[in-house]
Amino acid sequence: MAEAGTPLIRGAAAAGQKAGLDPGAPVYTGQHVDDPVHVTILRYGDEALPEASVSSLEACKSGPGVTWVNVDGVHDIDIVKRIGDAFGIHALAQEDALNPSSRPKVEDHGDHLFVVAKQARMMDDGTLDIEHFGIGVGASWLVSFQEREGGDVLEPVRARVKAGRMRMMATDFLLHAILDGIVDGYFVVLARFEEEVDALEASVLEATGAEFPSDVHQLRVRLGVLRRTIWPLREAVGTLVAGMHPLLDKKTRPYWRDLQDHVLHALELCDSLRDRLGSTLDLHLAVVSNRTNQVMRVLTVMASLFIPMTFVVGVYGMNFDYMPELRWRYGYPAVMGTMLITVIGMLAWFRRRNWM
Amino acid sequence: MAEAGTPLIRGAAAAGQKAGLDPGAPVYTGQHVDDPVHVTILRYGDEALPEASVSSLEACKSGPGVTWVNVDGVHDIDIVKRIGDAFGIHALAQEDALNPSSRPKVEDHGDHLFVVAKQARMMDDGTLDIEHFGIGVGASWLVSFQEREGGDVLEPVRARVKAGRMRMMATDFLLHAILDGIVDGYFVVLARFEEEVDALEASVLEATGAEFPSDVHQLRVRLGVLRRTIWPLREAVGTLVAGMHPLLDKKTRPYWRDLQDHVLHALELCDSLRDRLGSTLDLHLAVVSNRTNQVMRVLTVMASLFIPMTFVVGVYGMNFDYMPELRWRYGYPAVMGTMLITVIGMLAWFRRRNWM
Amino acid sequence: MAEAGTPLIRGAAAAGQKAGLDPGAPVYTGQHVDDPVHVTILRYGDEALPEASVSSLEACKSGPGVTWVNVDGVHDIDIVKRIGDAFGIHALAQEDALNPSSRPKVEDHGDHLFVVAKQARMMDDGTLDIEHFGIGVGASWLVSFQEREGGDVLEPVRARVKAGRMRMMATDFLLHAILDGIVDGYFVVLARFEEEVDALEASVLEATGAEFPSDVHQLRVRLGVLRRTIWPLREAVGTLVAGMHPLLDKKTRPYWRDLQDHVLHALELCDSLRDRLGSTLDLHLAVVSNRTNQVMRVLTVMASLFIPMTFVVGVYGMNFDYMPELRWRYGYPAVMGTMLITVIGMLAWFRRRNWM
Amino acid sequence: MAEAGTPLIRGAAAAGQKAGLDPGAPVYTGQHVDDPVHVTILRYGDEALPEASVSSLEACKSGPGVTWVNVDGVHDIDIVKRIGDAFGIHALAQEDALNPSSRPKVEDHGDHLFVVAKQARMMDDGTLDIEHFGIGVGASWLVSFQEREGGDVLEPVRARVKAGRMRMMATDFLLHAILDGIVDGYFVVLARFEEEVDALEASVLEATGAEFPSDVHQLRVRLGVLRRTIWPLREAVGTLVAGMHPLLDKKTRPYWRDLQDHVLHALELCDSLRDRLGSTLDLHLAVVSNRTNQVMRVLTVMASLFIPMTFVVGVYGMNFDYMPELRWRYGYPAVMGTMLITVIGMLAWFRRRNWM
Amino acid sequence: MAEAGTPLIRGAAAAGQKAGLDPGAPVYTGQHVDDPVHVTILRYGDEALPEASVSSLEACKSGPGVTWVNVDGVHDIDIVKRIGDAFGIHALAQEDALNPSSRPKVEDHGDHLFVVAKQARMMDDGTLDIEHFGIGVGASWLVSFQEREGGDVLEPVRARVKAGRMRMMATDFLLHAILDGIVDGYFVVLARFEEEVDALEASVLEATGAEFPSDVHQLRVRLGVLRRTIWPLREAVGTLVAGMHPLLDKKTRPYWRDLQDHVLHALELCDSLRDRLGSTLDLHLAVVSNRTNQVMRVLTVMASLFIPMTFVVGVYGMNFDYMPELRWRYGYPAVMGTMLITVIGMLAWFRRRNWM
């Protein structure tokens, strides 16, 4: 696993880059990506609909059928502004679409809703990748702004639309499908986190170096980022469940409740993993404490046994002219015997104190 | 007790297995069980009722009497779908029945309620076994989907039905009986946890190795799983207490309140055990700290007494030609006497500092 | 104080003994007591009232005057059932009366209220004794079920009734008197806890062994039990303050508010003591850490001073034939002088680092 | 600073002294003070008002003008009862006036309010002095019961009344003035606490003994007492802000809001200081840990360098007849040289591990 | 980074300087600044407006156009009072303008609102500078009181006003612009804090001295100050979002919601940084623990190997006349060989215990 301090998080909200500008002024505040911007337009409905292009979007604003415009990459402000203006998306909502640091939320702008959400992916090297999503929804159109291309969360939704399974559905159902895909993605990340926690728990009794607490710290930080990403969505989906907006059909309510359930479940999994990490670190500290205590006991036993005896033999290594014991025939065995008895006594005492 | 990392939990929600599918698509997402699926049908009422079979279920949908269909094992999607469709259970509810990772809740689907709950059992080896329950309730029918056979929670309810004690009761009372059995099961598990906490508390002053914190950790994790299993039930039962649905007779309200009380009590017991575990770990750490301190004091006393004396006797073991003390008649007793006085002084100092 | 693990709590809710029975089935689930059951009946009112006996209770149900039936010991289910049925107490309430693990609460059963509360006493050996109380209150009767005899909380209330000071009062005031007595009892226990916390705080700087953290743990667990006993009462008294039930006279509202205040105050005292215990344990750990550090410093100073010098004198104790220094006339004083200077230098260094 | 366990708090609520008495029975439950009770009466209004005496108080109950009766010392129950009855103060309120352990609150007794508050002062020796205040307010009278004389919080209010600056004001404004003075007093105490926290923070890197954590503990306990003193006032002032009582003029509302703001600010300061104390203790523990680690390293370096060399010189101090090295001409320099090289190698290893 | 105890915070609320004064009495309670007070007046609207001076302010109270008066430095009470009285600002609001310790809030004074907010800046030396802002808003005027000159937060707003981009806007939009600038400033500070946290996290594995925990403490304290500065603003902006005051146009509501979002986001960033700091300190403690354990192991291995051998060679250094081994031809190699074997055995044991 990576060292402490290595940036294992990508896309988490950066602060402080837009101080002093007009609110609603369209400025892209994320990390600039040089990839080209992709706009894909999908129209579907009961009957066959003409293809739409970026220049004819305004005509799609009031049906028939549903027009879904997806923008991959929001660093080209002009495109965002043109598409946003075509559908009459509020200036503040356009700013939210451009600003990766805006929080997940549902904003009611009269004739359209604007939803901010965050997609989470886990890279192969363990990096947590947070991608910003802005979704404007009107009666017959949905525009999704994606920070970067490559998020595969929309693919299955697109496939379902193309397969015709959602043809009869209004835009609220399409919004549900996208958000459901985003929330399902959280569980994939959480499953990866769970594996890491399992691995840490399995190795805690053997872990010795500083890597273990460092890994726990790394995981804790990434888990915290994920949790803060999901947390505001709970409230946002709550307003969708309340469902007071005319765009939200009453029939979709069980689906929003289902989504809310998933969000709550994801948060509970986060908290559960966090608890387990905390408990694992406690366990690690207790293990280290115990180990230090054990090492201390070995040292104390060795030192307590041999240091006094070394003193004794030192005594009889002195070169005084008048040391009568040295001349005594049984001096040597007497000293050795006394020491042996002392050692046995000390060993018994150590054993009684459970130090050996 | 088991080592850290050993899976002591079975059936706890797995994440990330259903990303990208239609919501409401019936897919079983638990651990596949190859046991055959058992369907048991029970009809009861004021008068004698004909036996029902799986193929005639639709006729039971609107009485007379109460039909209780129990499905053991939800991995056969066809059976779940057939029975679910027979009673008109909502597609999302059917999905919840199949999905062991869905949270405890009460969903209002107009003419029927769908309740998700989790049964908890403690295996003989200390494994915590969480089993998923989905219960659809209509005016004259109740369908319970159980993840695995072997849960004995329904046995007493069935016995009471057969003994005729519930013959007059509507389906809401049957639902109460099943949930009550599930909640009672939590207390059985909590009693087992309480014994483990008692045992840990009793052994904390003697515990030395890394097994103690590891056991605390194990218990903490399992307790956390149980708590998260019970927690959402609190809210779900709350909606039953509010009791706005026409299926819920006003007369059963004291029973729902009673059930809510039990759920709250179970949660309080969880928290109490968790507090005690936390406090026990603190105690363990304090005990280890104290013990290390004690070991250190013994080492310090031994080393401080004998190391200086070993130096002194080393001095008179030197082989210099001109060391007048060595020739002095009383050199040897003088040195030994001086050392004895020093030792007594140091012992007094150690005793004053409470190190001995 | 007692060792960790010794049961210092009596009567705290046991779990898991009633799984699978009918709710409302009268089963006593506490620790079976073989003491005989005592039933005392007290009637009072404006005028002289005939004595009542257990067999004539039903007549007392609708006045005149107030009938107070007290049952000491609830293990005789027949008596509980007979008295409960005489006053029309709800089956679930009767179960609550018998079940010492039911939580404090106020249940509205139409024409009567049922209140569950817990009395707390501190035994002379420091055991915390929790006793279950179930109180049914009607317009002209009050039945109190007490788990064990010996709780002196009712004595002063009885004395006040007999002294005639409550003759004019309705049953709601009698209920207040009993609950007030129970809550006052909490403060007696809390005062004892406070003394123990004071004693622990006073001894923390001198405490050395494992008894100190163990005592803190013991106290923390008992305090937790008391807190969980009081906590649900807060909510229960809240419903009495709201006072929507016809039994509760508006005039008694200041008294209920007063009672609520006392309950809140008791909870605050609990939290305050818990905080102080936590802070005391922190202090203990800091003291032990500091002490270990001090012991380490003494050891290090002693070892650092004498181990190098022992080496030096060891060098001149070697028996090589060719060691010119040994033959030198000033070898001995030179070596001793060099060592003295080194020692003084090291002492200065230790003093600068504040190790001495 | 004082030792742990020394009572640095005076007047904090004592528990358990009133169990079993009638609620509303006037008993003084604080620490008995033998100081004489002082009653001061102040009348003011648009026109000149006759002086009032204790015996003529009842006439002041319904104006004209405002009568403010202040009672210093509540241990003389008769005086409290006489004055309380003269103004028709509710029995429970009189009990609250006498009982220093009752919580801050605002009680609505129909024609008058009763407010309980606590004054906090910091003595020169750092003792936190909590004084009980009970204030009854009617349309044209205000009675303040003060536990002890010497609280200077009323002096400025009295001065303002005498200076005529409050002559036009009704009793609600007088109540505000008193409570404002009490809350301002909290800030004085908090400023003292802040200085102590500053001093602790400044000394944390040098602190060595057990005094530091003990001081933190002391401060934490006193801060906790202050916090629990202020906390219920928040709610009490909230009911004044809601201002539903006819005594509270709508025009005073900004003033109550202002007072509520001050209370919230005081609570935030408490929490801030508590956080800082907690963080300071963490820092202290980290510093002690680091220091122990450093001491250990010095010990390990010294011991690892000299213990092996002492062994080597011990080898050549043995008295075997056949030890060829001893006879070798270059034995001595060879041994010394080898040891020097070993030492240099070990020093390099220690330096690489950053132990020196 | 600075040492613990160095004042790294400027302008944070000082307590206890205003006890005993009339509420609403205009006294400046901040740190007295001797800088001259600057008053700048800006008028704008649809048409050209005459310049306003301090003496003609009252005429601007009711339009036409918007008059924005900015006061840099509030220590000159006369100016504050004159301007405040000119616009009819409530006495309590004037006090709030002068008092840097008053909390962020929105006060409704009938025909005008008074908003208190705090600007945060990070100085180059890491000092957190909190500056008090009081803003009175009427239908056609806005007065901003700034504690010190030099806050650049108003500059961009002024530029926008001068550039004519806000000419059509009412005072509520101007208020929004100012608060938005203040909140944006929090993100600049938070970005600086984030860098410091990143730096600490990157250095935790190498950190050895007491500087590391001290730096964490410093950052924690400053972060706490910032958090407590932002926290009350959440509630204040919430009342603006509710938007019941006639001054607040419904059309500005999305802007207030946007602002609220930013405030919540800032608070979440605070909490995230606090979490990370806490986790970093835990990591540091674990690292130090591990390191101490490692040092202990080296010491124990060294001592355990050499102390027994030193004893053995000491034995054969004794000068007894009768020690037959000394005379034996192979005594020396036998002793050395035995010791070598013992050492190898111990090394194997240490390796098995993972100590080397």
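## How the chains meet, and how the terms are set

Author: 52 residues of chain B are in contact with 58 residues of chain A. This is a predicted model: local features need pLDDT of at least 70, side-chain atom pairs count only at pLDDT 80 or more, and totals for chains, interfaces and linings use all residues. Residues are numbered from 1 along each chain as its sequence is written, with chains lettered from A and ligands numbered from 1 in written order.

Reader: What makes two residues count as in contact?

Author: Their C-beta atoms, placed from the backbone, lie within 7 Å. On the side of chain B that touches chain A, α7(B) gives the most, with 18 residues. By class, that side has 24 nonpolar, 18 polar and 10 charged residues. Nonpolar means Ala, Val, Leu, Ile, Met, Phe, Trp, Tyr, Cys and Pro; charged means Asp, Glu, Lys and Arg; the others, Gly among them, are polar.

Reader: How do you know that the copies meet through different surfaces?

Author: Only 17% of the interface residues of chain B are also interface residues in chain A, so the surfaces are different.

Reader: What relates chain B to chain A?

Author: A rotation of 72° with 0.0 Å of shift along its axis superposes chain B on chain A, at RMSD 0.1 Å. In chain B, the C-alpha nearest the axis belongs to B:Gly317, 4.7 Å from it.

Reader: Why is α7(A) called roughly antiparallel to α6(B)?

Author: Helix α7 (residues 253-315) of chain A and helix α6 (residues 211-242) of chain B pack at about 170°, with axes 9 Å apart. Angles over 145 degrees count as roughly antiparallel, under 35 as roughly parallel, 65 to 115 as roughly perpendicular and the rest as oblique. So α7(A) is roughly antiparallel to α6(B). Their contact has five nonpolar, six polar and five charged residues.

Reader: And what makes α7(B) roughly parallel to α7(C)?

Author: These two helices pack at an angle of about 20°, with their axes 8 Å apart. That makes α7(B) roughly parallel to α7(C). Their contact divides into 21 nonpolar, 12 polar and three charged residues.

Reader: Why is helix α3 of chain A called mostly covered?

Author: Six of its eight residues are buried. A buried residue has 20 or more other C-beta atoms within 10 Å of its own; 12 or fewer is exposed, and in between is partly exposed. A:Ala93 and A:Leu98 are among the buried ones.

Notes:
Axes fitted to C-alpha atoms, helices over the stretch in contact; angles between N-to-C directions. Helix = DSSP H or I, 4+ residues; strand = E, 2+ residues; numbered from the N terminus. Least-squares fit on C-alpha atoms with pLDDT ≥ 70 in both.
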